[in-house]
Amino acid sequence: QVQLVESGGGLVQTGDSLRLSCSVRGRTRSVYAMSWFRQAPGKEREFVAAIDYSGTWPYYPDSIKGRFTISRDTDKNTIWLQIDVLESEDTAVYYCAGSQGDCQGYLCTEQVFQFWGQGTQVTVSS
């Protein structure tokens with residue numbers, strides 16, 4: 001059994017910073033690469049960031065680079081997503097996902113992630 005639990009979302013103001021966390025529960029050794037996705041109202045789910053098992057190599061699509069930082073402490077079974085200078089467009093449900101295999105760079109596509117959290121809501125006002 002593997003469970004991913006996100007936390008840290010909430011109602012924030014534009015320009016604020018936020019740090020989301022995702023805790024891996026259960027058979028933690030079954031989870032290698034991990035990632036963040038988000039889904040805004042009326043939009044498709046969007047890939048935000050991924051990180052390898054060691055936490056050494058973060059990866060972001062071109063549309064995300066700049067304000068987002070993914071990090072990982074494998075020993076603590078936790079990953080984070082730091083969002084700086086929040087914008088209204090960042091309003092979305094943010095999902096944590098994990099893979100039973102490792103990946104790097106652009107190979108970390110949605111299809112390789114088997115384990116998904118329930119999501120945490122981030123709402124950016126004004």
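**How the terms apply to this chain**

User: What share of the 126 residues in the protein chain is buried, and what makes a residue count as buried?

Analyst: Buried residues make up 43% of the 126 residues in the protein chain. Buried means under 20% relative accessible area, exposed over 50%, and partly exposed in between, with a 1.4 Å probe and protein chains only. The model is predicted: local features need pLDDT of at least 70 and side-chain atom pairs pLDDT 80 or more, while totals for chains, interfaces and linings use all residues. Residues are numbered from 1 along each chain as its sequence is written, and side-chain values use heavy atoms, leaving out hydrogens and water.

User: Why is Y94 called buried?

Analyst: Y94 has a relative accessible area of 0%, which is under the 20% limit, so Y94 is buried. Y94 lies in strand β9, residues 92-98.

User: Which residues does Y94 touch?

Analyst: Contact means heavy atoms within 4.5 Å. Not counting residues up to four places away in sequence, Y94 touches E6, L20, W36, F37, R38, F68, L81, I83, G119, T120 and V122. Of these, L81 is 13 residues from Y94 in sequence and 9.5 Å from Y94 in space, C-alpha to C-alpha.

User: What makes the pair of Y94 and R38 a polar contact?

Analyst: A polar contact is a pair of N or O atoms within 3.5 Å; within protein, one must be able to donate a hydrogen and the other to accept it, and residues adjacent in sequence count only if both atoms are side-chain atoms. The side chains of Y94 and R38 make such a contact at 3.0 Å.

User: How many helices and strands does the protein chain have?

Analyst: The protein chain has 0 helices and 11 strands. Helices (H or I, at least four residues) and strands (E, at least two) are DSSP runs, numbered from the N terminus.
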